[in-house]
Amino acid sequence: LEFRRVLFRSDLLAVLVRARQVDDRITALRTSGVPKSPRISHHDLVERYLDDLRRRANAGEIDPATVERYRAALGHYETFCSEPDIKRLHPAPSRVNRDFQLSFSAFLAAREVAGNGRASASVRPMRSQRYVLDVLRGVYEWALDPERGGLLPEGFRSPFLKAGAKARPHHEDPLAEPDVTNSMANDYINACDLYQLRVFVPLLFFGLRASEPCTLFAEHLT
């Protein structure tokens with residue numbers, strides 16, 4: 001019973017803190033951070049994003065052809081979202097998660113498309129899965145941004161974001177043998193013709209491309 005009392009007080013405190021945050025946000029930004037259309041459909045998300053792209057194209061910010069390329073890419077997303085299991089498990093963009101992202105990636109990997117975009121053409125495995133995923137990542141970032149789409153709740157984490165973890169830096173042993181030995185460099189230079197020597201020797205010995213010394217000393221060249 002005492003544990004329940006402590007838990008209730010903790011939950012109540014969390015609710016009060018969150019209520020204060022929402023109140024401060026409304027006062028400062030005139031918005032609670034909760035989207036006006038929390039149950040917006042996947043189709044509506046695509047159409048609103050494309051409409052924003054059209055307005056940007058009319059303003060000269062992007063190429064009009066970009067709108068059509070993005071429309072074609074997002075057509076695969078809409079096809080996937082129309083499947084019965086996906087409609088049941090992830091009925092709205094605010095309900096997508098890592099399972100949705102993995103299922104969509106598998107869907108793209110198995111998808112076959114016409115080579116020239118015509119329905120009558122022979123089909124082949126889709127080759128632009130990464131491009132489609134990149135476009136969809138941009139859509140969700142746009143929808144989450146309150147200054148642009150503002151269609152997803154504050155705190156929503158898109159499963160299409162690239163992993164933020166950075167690779168560990170590789171610490172080399174300064175006393176270890178170098179990756180390129182003197183004999184390897186000698187053999188490499190002997191195999192170069194005159195043109196290749198001028199290109200690769202500055203890079204090999206000084207870590208500079210052939211054009212970079214010219215740039216550094218351009219004012220002294222005649």
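F80 is buried, and F104 is buried as well, where buried denotes under 20% relative accessible area, exposed over 50%, and partly exposed the range in between (1.4 Å probe, protein chains only). This is a predicted model, in which local features need pLDDT of at least 70 and side-chain atom pairs count only at pLDDT 80 or more, whereas totals for chains, interfaces and linings use all residues. Residues are numbered from 1 along each chain as its sequence is written, and side-chain values use heavy atoms, with hydrogens and water left out.

**Aromatic pairs**

The structure holds 15 aromatic pairs. Rings of Phe, Tyr and Trp (its six-membered ring) pair if their centres lie within 6.5 Å; planes under 30 degrees apart count as stacked, over 60 as edge-to-face and the rest as tilted. Two of these pairs share F104 and are given below.

| Pair | Centre distance | Plane angle | Class |
|---|---|---|---|
| F80 and F104 | 5.2 Å | 55° | tilted |
| F104 and F107 | 6.2 Å | 20° | stacked |

Because F80 lies in helix α3 and F104 in helix α5, their pair ties together parts that are 24 residues apart in sequence. Helices (H or I, at least four residues) are DSSP runs, numbered from the N terminus. F104 and F107, by contrast, are three residues apart in helix α5 and thus separated by about one helical turn. The relative accessibility of F104 is 0%, and F107 is buried at 15%. One aromatic cluster is formed by Y77, F80, F100, F104, F107, Y140, F156 and F160.

**Nonpolar core**

A nonpolar core is a set of buried Ala, Val, Leu, Ile, Met, Phe, Trp, Tyr and Cys residues joined through side-chain atoms within 4.5 Å. The largest one has 34 residues, of which L45, L74, Y77, F100, F104, L136 and Y140 touch the most other members. At least two residues of this core come from each of α2 (42-58), α3 (64-81), α5 (98-110) and α6 (129-144). Helix α6 supplies the largest share, eight residues. Leaving aside residues up to four places away in sequence, L45 touches I40, Y77, P93, V139, Y140, W142, A143 and L151, contact meaning heavy atoms within 4.5 Å.

**Surface patch**

V180, M184, Y188, F200, L203, L204, F205 and F206 form a nonpolar patch on the surface, with about 780 Å² of accessible area together. Elements giving two or more residues to this patch are α7 (182-190) and α8 (194-206); the largest share, five residues, comes from α8. Such patches consist of residues with over 30% relative accessible area and no salt bridge, nonpolar side chains (Val, Leu, Ile, Met, Phe, Trp, Tyr) being joined within 5 Å and like charges within 9 Å. A salt bridge places a side-chain nitrogen of Lys or Arg within 4 Å of a carboxyl oxygen of Asp or Glu. Accessible areas come from the Shrake-Rupley method with a 1.4 Å probe. L204, found in helix α8, is partly exposed at a relative accessible area of 36%.
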